[in-house]
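This report describes the fold of one protein chain and then turns to a single residue within it. The sequence and the model are shown below.

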Amino acid sequence: METMKGQDKFTKRKIGIIYSSVDGQTLKICQELNRVFDKNEIETELFSIDSFYADLSEFHTLVIGASIRYGKHNKNVSEFVLNNKEYLNGIRIAFFSVNLVARNEDKNSPDTNPYLIKFLKKTDWNPKFIDVFAGKLDYKS
């Protein structure tokens, strides 16, 4: 199969960005990632976890961002990971959690954030790239 400019079919596939956001902070982070990829001419698609029905084989990389609400990630995120773990373990995955406790210095890393640790243990999943971002509490709402 002939490829363009030395690209193989693996590098021509796109990055999927999937998010679960309650107050919009995780969505903002994912939209910014989408803009950065677009600026660098990397094809992406942005999806809410609630409306993700794409064929996973379209993506060589997935970025999954999930917020915390009442101490838990959205159950759809957990179900997505559990239902697709075999496929996810075969591609590049970046997962990040957005939560208020990440504002604290002693809970702002993947190794110290209790919500991220609990999620990864519950799903028995080890994505290659993981991170934690501080959430935003909108007192007005």
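## Overall organisation

In the protein chain, residues 24 or more positions apart account for 72% of the contacts (heavy atoms within 4.5 Å) that have a separation of 6 or more. The model is a predicted one, in which local features need pLDDT of at least 70 and side-chain atom pairs count only at pLDDT 80 or more, while totals for chains, interfaces and linings use all residues. Residues are numbered from 1 along each chain as its sequence is written, and side-chain values use heavy atoms, with hydrogens and water left out.

The protein chain holds four helices and six strands, which are DSSP runs numbered from the N terminus (helices H or I, at least four residues; strands E, at least two). Their order from the N terminus is α-β-α-β-β-β-α-β-α-β.

## Burial and surface

Of the 141 residues in the protein chain, 38% are buried, that is, under 20% relative accessible area with a 1.4 Å probe, protein chains only.

## Strands β1 and β2

Strands β1 (residues 14–20) and β2 (residues 44–48) run parallel and are joined by five bridges. Tyr19 has Ser48 in β2 as its bridge partner. Between β1 and β2 the chain passes through helix α2 (residues 25–39), in a right-handed β-α-β crossover: with the strands pointing away from the viewer, the path from the first strand over the helix to the second runs clockwise.

## Thr123

Thr123 belongs to helix α4 (residues 114–123) and is buried, at a relative accessible area of 1%. Beyond its neighbours within four places in sequence, Thr123 contacts Ser78, Val81, Leu82 and Lys85.

Notes: Pairing = 2+ DSSP bridges. Buried < 20%, exposed > 50% of the residue type's maximum accessible area, 1.4 Å probe, protein only.
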